[in-house]
Amino acid sequence: METAIERSDLRDTAINICVLLSTYNGQRFLPQQLKSVFDQTGDFSISILVRDDGSTDQTVKILESWMSRYAITLEKGNNVGVKESFLWLLAHAPKADYYALCDQDDEWTTDKLQRAVKRLARCKTIPAVYYSAQEGIDENGKLLGWIRASQDPKMTFENSFVYNYAPGCAQVFNRALLKKIQQYKIEKCVMHDMIPLQLAGLFGRIVYDEKPTIRYRQHGQNVTTAKKWSIKKIRQHWQVWGKASGCPLEVQAQEYLNKVGEDLPRPAYEFLTKAACYKKDIGAWYWLWSGHVQAYGGWKRNKSFRLRVFLQRA
């Protein structure tokens, strides 16, 4: 296990990290998240760009009270949903050395950004995204005893379409990758956190850390991670599994073909051309269904993806 970043690794150069945070009615857990961001240890400065997605509770007041003490910039917007809110943040991110996506209800370990910067510094000017394993906590911050991505999932551009082991809350990326994000302006995606991961897979590096640096909170409003089944949770899972969150595979693939086009590496281009027409071309359908693209270490994920392809629900 590597230790926290040493001052010598920073070459006495001021490092700036911009945290991109979207909020919506997050008053309950937001103060804990903000505290964990500004409690980071390391020789760098931290600022937060927040887009509030039309909160109706005390979220904005909480943010404004923190703005008097910390480097927080707040953009108040209409309610457009989490994906569109984060897409706005990615498009309007200010100049910095590194960027970290941040949810409103998790907690960071104090060495999260240290570990990310140390690993990303090795990539220099190569577009790169860092992500770590994640451990679950309950509403009171108590560890739940499970860790996601405890072993390297070997994420790639292609297998990110099967399953994403690198949620946005675990991601930190460099300025070279932000330039790619802002250059290609990918918008048609299942979720915003796919974009840094996929563009790093295309043009740079995906850097994995086995140490959990995110405490991923499960609570009543967070239906995607709640352990107890409910009608609301079943509906949300169907929205993702059966409807691809309104952005099916062929739409995502065509978005990359249209916007990245000739810059695509050949293996990615071949995958995308098949994914874009698999509902109309039996050969492309069979290629995807037969398992040419697979997520690492998760047979359930792969079988689920193959079933969705078979039913043309991917």
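Modeller: Axes are lines fitted to C-alpha atoms, for helices over the stretch in contact, and angles run from 0 to 180 degrees between N-to-C directions. The model is predicted: local features need pLDDT of at least 70, side-chain atom pairs count only at pLDDT 80 or more, and totals for chains, interfaces and linings use all residues. Numbering starts from 1 along each chain as its sequence is written, and side-chain values use heavy atoms, without hydrogens and water.

Colleague: How far apart are the axes of helix 1 and helix 2?

Modeller: Helix 1 covers residues 30-38 and helix 2 covers residues 59-67 (helices are DSSP runs of H or I, at least four residues, numbered from the N terminus). They pack at an angle of about 30°, and their axes lie apart by 10 Å.

Colleague: Is helix 1 roughly parallel or roughly antiparallel to helix 2?

Modeller: The angle is about 30°. Under 35 degrees counts as roughly parallel, over 145 as roughly antiparallel, 65 to 115 as roughly perpendicular and the rest as oblique. Therefore helix 1 and helix 2 are roughly parallel.

Colleague: Is the crossing of helix 3 and helix 5 left-handed or right-handed?

Modeller: Helix 3 (residues 82-92) packs on helix 5 (residues 175-184) at about 115°, with axes 9 Å apart. So helix 3 is roughly perpendicular to helix 5. The near helix turned anticlockwise from the far one by less than a right angle gives left-handed, clockwise right-handed. This crossing is left-handed.

Colleague: How many residues of helix 6 are buried?

Modeller: Buried means under 20% relative accessible area (1.4 Å probe, protein chains only). Met194, Leu197 and Leu202 are among the buried residues of helix 6. Helix 6 (residues 194-203) is mostly covered, and of its 10 residues the buried ones number 8.

Methods
Helix = DSSP H or I, 4+ residues; strand = E, 2+ residues; numbered from the N terminus. Buried < 20%, exposed > 50% of the residue type's maximum accessible area, 1.4 Å probe, protein only.
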